[in-house]
Amino acid sequence: MSMSSAGAAATAAQRPAPRKGARRDRIRLFQEMGMLAPAVILMTVFLIAPFILSFWTAMTNQPLVPRPTPVRFVGLANFIRIFNDPLFWTALWNVTRFTIWIIPVQCGLAFLTALLLHQKIPFRNLFRGLFFLPAITSMVVVCVIWATLFQYPTGPFNQILGFLSFGMIQPIDWLGDPNWAMFSIVLLSAWQAYGFQMIIYLAGLQGISEELYDAARIDGANALQRFWNVTMPGLRPTHVFVLVITTIQAFKLYTQVAILTQGGPKNSTETVVHYMVRIGYEEQKLGYASAVSVILFLIVLVIALLQRFLLRRYDV
Amino acid sequence: MGKRLLLASSVAAILAFSASAEAKTVIKMMHQGDPGWVAAYGDLAKRFEAENPDVDIELIYAPHDAYNEKFSAAVMAKQLPDIMELDAPFLANYVWSGYLAPIKDVIDADVLSDMTESNIAQGTYAIDKQLYAIGLTDSSVVLYGNRKYLEKIGARIPKSVDDAWTREEFEANLEKLSKVEGVKWPIDTFRGYGIKTEWITYAYSPILQSAGCDLIDRKSWKSEGMLDSQPCVDAMTMMQNWVNKGWVVPQSSGTNQFYAEGHPAALALGGHWFYAEAAAAMKDDVVVMPLPKFGAKGASPDGTWIWGITTASKHPDIAGKFVSFMLKDKAYRDYAKSQSAYPGLKSFAAESPLYAPGGALAVAFEQASKTAVPRPPHPAYPAITAAYMQAVDKIFNKGDVKQALSDAAQKIDEDIADNDGYPPFNGEQ
């Protein structure tokens, strides 16, 4: 409805003779501005303005809720305090660790299942649906279920391990042992989220022309050679894309930690976002928490740019 | 014509609806609690509405673990309820921030005169000595024991707060219990509640106070030099040793090991509310003992979730009427009793045989007058408890005790400095 009326207006504007060109341009400009306006306004109100505001808030001692003490401009004091807080560095190291672990696990799992489901197997679409199921399950629900699986010392995982190893492996305190907690979170996060990457890989695989495989077959390439020389190069842009989004997602790790470990034991699962929420909501220091968010933004930006730079020749 | 009629009648309907909604006074009440309590509040609201047809009670539930966060969100959104449930140690922060109004004038006089001393104490703001909140209950923590195991090691069972176990006696019993067949863990300190729970400060800080130190100096309101002092380091090292020796139920094993099949935990450092579930499963095998003395004097926690009326309420008188109604309501009291609630009103104590002399939890009631130490009534309390929780998590996972405590003390003092000492708590007027 609005589309067709806009179109009618455009043809009406085009009809007058060239001497009215200036007026026509102005009308077109208004039309373009009008069409841009909704997006620009929404982006400004919900993205750009809050972003600038958080920069500003980061320079003050703004509390979460109004307090009788005055709000002051404190300059870079919040940033200095963050850099002097060992917990922040622990949190940063933890998300780095998490990212390094989860990329091979999650992307590998996604890649393998995508390869499998790309074959002409019976009930292919059913399996695709089943494998995608965890990704559409709420992370909160997944966490609650996995908490039961991880239970110490009598949870299912420990019982299975004990059974398979004939009791050789002692029960592991998956979420309660500082050495295991982050690894356990990697396992469950990879399982929950790999479906998304799997879909991207499937799309990538379908995008590789069948003719390339036929040509390779005629040249006498076996399955492995076809995989290395046709599939892998054809998936390069997909690999880069998956790597970048998985990294960014991994740096924002929060839900699993908030539900399962609250950053413990011994801060072994404290993450930057959890640290930020803890300071902002529990300690009610909004200014300080905003400073953390600004730093997190810069870190993610740098990593994304770095990845693009390093992988630029694969051209995404 | 037909359209116009429809329009007119729908406008009339909307007007009528809004008129009827306006005639009713809406009282919003924010609360937390287990499903049983939530149901009890729902029934309570219905009974009140039946008696007061012009009032509509709207219940807003917020989960226990994130209650303060939800409350902050309500403050930011200017959606403060009329009545709010609050955890007693947070009262100073809420009053200082200006969210709570004095309630003495809006609560029925017979309810006010019915309050026990500890109930008055938990609802009073230290600066102006006014009452800002009231509850039906108070709380305490006791040491639960499994009678069979205690008999096996021939442990002395204290009868009153005055003959509580000493630290030496307590640790010797833990040692003996660790060797009894069937005992997997000598004690459950309810680490299963998590590392981000008020339970930690509530249940473990009395151990510090009994050992001769505290979370913060209550005169100078400085934590450095107090929380990281030698008595505190010793006390937390003692707890760390229990954990290291495998004496304490780990966090991942839940909160039911005391009465779970086979009774794997021999003792339980648990809240009064734990009695209901433990006794239901173990009957007479549950022994209730006072908290051990870890130093010269005993200490026990107090304070619980109580009701305040916010400064945002337009009808504090009706809100007060509802709170008074709640505290006197028989069915509500009956439900509280079924949860082994700790009485905070004298009349409620009189109808709670569990806490009367000779009752199973008499010792818990005795602690209130002899050893109870409230958590620091200071507006910095949210920061104090958050810092202590973090320290305990580090200590229970083999962290350096002195380092963990001095980090926490520093965080607390930093928060107080950030807020200019929370005047007038810094002595300024």
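Visitor: What is the angle at which helix 2 and helix 14 of chain A pack?

Guide: Two packed helices are described by the angle between their axes and the distance between the axes. In this predicted model, helix 2 (residues 21-57) and helix 14 (residues 286-310) of chain A pack at an angle of about 120 degrees, and their axes are 8 Å apart. Helix 2 of chain A is therefore oblique to helix 14 of chain A, and the crossing of these helices is left-handed.

Visitor: Which residues make the contact between helix 2 of chain A and helix 14 of chain A?

Guide: Helix 2 of chain A contributes Ser54(A), Phe55(A) and Thr57(A), while helix 14 of chain A contributes Leu286(A), Gly287(A), Ser290(A), Ser293(A) and Val294(A). By class, the residues of this contact of helix 2 with helix 14 of chain A are three nonpolar, five polar and no charged.

Visitor: How do helix 4 and helix 8 of chain A cross?

Guide: The axes of helix 4 (residues 86-118) and helix 8 (residues 181-206) of chain A come within 6 Å and cross at roughly 45 degrees. Helix 4 of chain A and helix 8 of chain A are therefore oblique to each other. Helix 4 of chain A passes helix 8 of chain A in a right-handed crossing. The residues of the contact of helix 4 with helix 8 of chain A comprise 19 nonpolar, six polar and one charged.

Visitor: Into which domains is chain A divided, and how far apart do their centres lie?

Guide: The domain assignment of chain A gives domain 1 (2-57) and domain 2 (80-314). The C-alpha centres of domain 1 of chain A and domain 2 of chain A lie 41 Å apart.

Visitor: Let us turn to the backbone. Where in chain A is there a cis peptide bond?

Guide: Most residues other than glycine have a negative phi, and most peptide bonds are trans. Gly264(A) and Pro265(A) are joined by a cis peptide bond, with omega about -15 degrees. Pro265(A) is placed in the loop between helix 12 (255-260) and helix 13 (272-282) of chain A. The loop between helix 12 and helix 13 of chain A also holds Asn267(A), a residue other than glycine whose phi is positive, near 60 degrees.

Visitor: Which peptide bond of chain B is cis?

Guide: The peptide bond from Pro423(B) to Pro424(B) is cis, and its omega is near 5 degrees. Pro424(B) belongs to the segment after helix 17 of chain B.

Visitor: What is the overall form of chain B?

Guide: The secondary structure of chain B comes to 17 helices and 12 strands. The radius of gyration of chain B is 24 Å, close to the 22 Å that the globule rule gives for 429 residues, so chain B is as compact as a globular protein of that length. Along its principal axes, the C-alpha trace of chain B spans about 90 × 50 × 45 Å.

Visitor: How is chain B divided into domains?

Guide: Its assignment gives domain 1 (25-139 + 303-355) and domain 2 (142-301 + 376-418). The centres of domain 1 and domain 2 of chain B, taken over C-alpha atoms, are separated by 28 Å. To their contact, domain 1 of chain B gives 15 residues and domain 2 of chain B gives 14 residues. On the side of domain 1 of chain B that touches domain 2 of chain B, helix 4 (residues 91-97) of chain B gives the most, with three residues. That side of domain 1 of chain B has six nonpolar, seven polar and two charged residues.

Visitor: How do helix 9 and helix 16 of chain B pack?

Guide: Helix 9 (residues 198-211) of chain B and helix 16 of chain B pack at an angle of about 80 degrees, with their axes 9 Å apart. Helix 9 of chain B is therefore roughly perpendicular to helix 16 of chain B. Among the residues that meet are Tyr204(B) in helix 9 of chain B and Tyr388(B) in helix 16 of chain B. The contact of helix 9 with helix 16 of chain B has five nonpolar, three polar and one charged residues.

Visitor: How many residues does each chain bring to the contact of chain B with chain A?

Guide: The contact takes 25 residues from chain B and 20 residues from chain A. On the side of chain B that touches chain A, the largest share, five residues, comes from helix 16 of chain B. The residues of that side of chain B divide into eight nonpolar, 10 polar and seven charged.

Conventions
Residues numbered from 1 in each chain as written. Chains lettered and ligands numbered in written order. Predicted model: local features only at pLDDT ≥ 70, side-chain atom pairs only at ≥ 80, totals over all residues. Domains from an automatic or database assignment. Contact = placed C-beta atoms within 7 Å. Helix = DSSP H or I, 4+ residues; strand = E, 2+ residues; numbered from the N terminus. Nonpolar A, V, L, I, M, F, W, Y, C, P; charged D, E, K, R; others polar. Axes fitted to C-alpha atoms, helices over the stretch in contact; angles between N-to-C directions. Parallel < 35°, antiparallel > 145°, perpendicular 65-115°, else oblique. Left-handed = near helix turned anticlockwise from the far one by under 90°. Rg over C-alpha atoms; globule rule 2.2 N^0.38 Å.
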